[in-house]
Amino acid sequence: MKNKFILFSFLIRLIFISGLNSEIPSLLAICSLLGLHLPTIHSHHCPSSHAALLRYIAKSMASAFRAFLNSPVGPKTTHFWGPIANWGFVIAGLVDTQKPPEMISGNMTGAMCVYSGLFMRFAWMVQPRNYLLLVCHASNETVQLYQLSRWAKAQGYLQKKETDAEKLITNNPRNQD
Amino acid sequence: MAASKIQALWNHPAGPKTIHFWAPTFKWGISIANIADFSKPPEKLSYPQQIAVTCTGIIWSRYSTVITPKNWNLFSVNVAMGATGIYQLYRKIQHDYFSEAQELPANE
């Protein structure tokens, strides 16, 4: 169902952007070549006109949305709202990227990096598997690692390496700095 | 008797051999950091951060009981997290909206 949804949005874009209205049959043929199976399209339900195809797309999108709404990890369950609450950490982290690096706590950011790494694995292993949580923690890992790099730079950990390398190249005596 | 109990805990589906134990254990780090911030002056607390912590704590307390394996370590860390968030928000709101009202009678 998810694959179908992605494919349909892709199809709509292709049809409207490139004006391929008359190329619908060949588009479908390409889809089947790429291994994107649309069983209902290949059968006798195949829409013959542009309007019919649009109706078919709208209907399928509606049913895809209904399936999402009623899925065992959908918005009617805590499996959906748990990860949504966790996006708060990502947003807070993004806000903090605009603050001076002296504000960053190295311990807290380091802990966050380990925490998000562990929770990516947790999201994969837990039943039902939680892709939303996986994406959330992948994002958080990215933001927190960036923050950690800013913190390290401000502390001079990354700077020191550069000057050491420079010294080696230019053979400056150590007591010059 | 005791050995078999420890063995059961060790081999539990959410036990220390699994990610279901270690992820919540690291989440404790965030709660403990927040407890350490109890001594921070309320002006330095951030509303968005504390609201995120509180909401996560409350929602995840329920989440931890509807997943498989059911995770009491995750449950306890989220109850703690929700509680610390609420306390920090209480301190911040008390400072921002009610401290002036308390000062007035003292001045008179």
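Chain A exposes about 11,200 Å², and carbon and sulfur atoms supply 64% of it; accessible areas come from the Shrake-Rupley method with a 1.4 Å probe, and for residues only the protein chains shown count as cover. This is a predicted model, in which local features need pLDDT of at least 70 and side-chain atom pairs count only at pLDDT 80 or more, while totals for chains, interfaces and linings use all residues. Residues are numbered from 1 along each chain as its sequence is written, chains are lettered from A and ligands numbered from 1 in the order in which they are written, and side-chain values use heavy atoms, with hydrogens and water left out.

**Fold of chain A**
- Chain A has eight helices and zero strands; these are DSSP runs (helices H or I, at least four residues; strands E, at least two), numbered from the N terminus.
- Of its 177 residues, 30% count as buried (under 20% relative accessible area; exposed is over 50%, partly exposed in between; 1.4 Å probe, protein chains only).
- Among contacts in chain A (heavy atoms within 4.5 Å) with a separation of 6 or more, 62% link residues 24 or more positions apart.

**Helix α5 of chain A**
- This helix covers residues 78-96, 19 residues in total, and reaches 28 Å from first C-alpha to last, close to the 27 Å expected (1.5 Å times one less than the number of residues).
- Its buried residues include A:H79, A:P83, A:N86 and A:F89.

**Largest pocket**
- The largest pocket has a volume of about 850 Å³.
- A pocket is an open set of points on a 1 Å grid over the protein atoms alone, where a 1.4 Å probe fits, with protein on both sides within 12 Å along at least five of seven lines; lining residues have an atom within 4 Å of a point.
- Volume is the space filled by probe spheres set on the points, which are joined across faces, edges and corners.
- Its lining has 27 residues, with A:D96, A:M103, A:M108, B:K40 and B:Q49 nearest the centre.
- Helix α5(A) gives the most to this lining, with five residues.

**A:N130**
- A:N130 lies in the loop between α6 (106-125) and α7 (131-155) of chain A, and is buried at 3% relative accessibility.
- Its side chain makes a polar contact of 3.3 Å with that of B:Y63 (N or O atoms within 3.5 Å; within protein, one able to donate a hydrogen and the other to accept it, and residues adjacent in sequence count only if both atoms are side-chain atoms).

**A:T142**
- A:T142, in helix α7 of chain A, is exposed at 53% relative accessible area.
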